[in-house]
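Keep the sequence open beside the 3D view.

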Amino acid sequence: MDLFITHNQRKYIVETKIWRGDARYQAGKKQLAAYLKLENVQEGYYVVFNHRKEPEPRVETDPFDSLTIRSYVIPVIQETPSHTLI
C-alpha cells in the first residue's frame, strides 16, 4: 500500500499507480482489496495517474469482494521535456 493514514481511530488506505492499461488497472484494484482485508478495512482509495496523450478522467465506486473501492483516474497533462541541453 502506498498510503496508510489513521485519523480519529479510522484507517484510510490509498493505492497509487501510473496508467499502464486496463488489465493493470483492474489488477491494482485486486491489490488494494488484499491490503484492505489485511487491515480489516471496508473501503479504500485507488488513485491512478494517466500520462497518455489524450487522457480521460475516471471516477468509479465499485463493490469488490464485499469491500468498496473508490477509484480516481487523474489525467496528467504536461509538456514533453526538451531534448536539448543548455
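**Starting from Y25**

Y25 has a relative accessible area of 2%, so this residue is buried. The model is a predicted one. Y25 sits in helix α1, which covers residues 22–39.

What does Y25 touch, once neighbours within four places in sequence are set aside? The contacts are W19, Y46, V48, R58, E60, S71 and V73. Take V48 as one case. Y25 and V48 stand 23 residues apart in sequence. In space, their C-alpha atoms are 7.9 Å apart.

The side chain of E60 makes a polar contact with the side chain of Y25, at 2.8 Å. R58 lies over the face of Y25, and the distance to the ring centre is 4.9 Å.

Now look at the rings. The model has 2 aromatic pairs. In one of them, the ring centres of W19 and Y25 are 5.4 Å apart. Their planes meet at 40°. Planes under 30 degrees apart would count as stacked and over 60 as edge-to-face, with the rest tilted. The W19 and Y25 pair is therefore tilted. W19 also counts as buried, at 13% relative accessibility. Ring pairs join W19, Y25 and Y46 into a cluster.

Next comes the nonpolar core. The largest one has 13 residues. Y25, L32, L36, Y46, V48 and I69 have the most contacts inside it. Helix α1, strand β3 (43–50) and strand β5 (67–75) each supply at least two residues of this core. The most come from α1, which gives 4 residues.

Y46 belongs both to the ring cluster and to that list of residues with the most contacts in the core. Its own contacts, not counting residues up to four places away in sequence, are E15, K17, R24, Y25, G28, K29, L32, I69, R70, S71 and Y72.

Is K29 buried or exposed? Its relative accessible area is 4%, so K29 is buried. What does the side chain of K29 join through a polar contact? The partner is the side chain of D62, at 2.6 Å. Beyond four places in sequence, K29 is in contact with Y46, E60, D62, F64, I69 and S71.

Definitions and conventions
Residues numbered from 1 in each chain as written. Predicted model: local features only at pLDDT ≥ 70, side-chain atom pairs only at ≥ 80, totals over all residues. Heavy atoms only, no water. Buried < 20%, exposed > 50% of the residue type's maximum accessible area, 1.4 Å probe, protein only. Contact = heavy atoms within 4.5 Å. Polar contact = N/O pair within 3.5 Å; in protein donor to acceptor, adjacent residues only side chain to side chain. Phe/Tyr/Trp six-rings, centres within 6.5 Å; stacked < 30°, edge-to-face > 60°. Lys NZ or Arg CZ within 6 Å of the ring centre and 35° of its normal. Core = buried A, V, L, I, M, F, W, Y, C linked by side-chain atoms within 4.5 Å.
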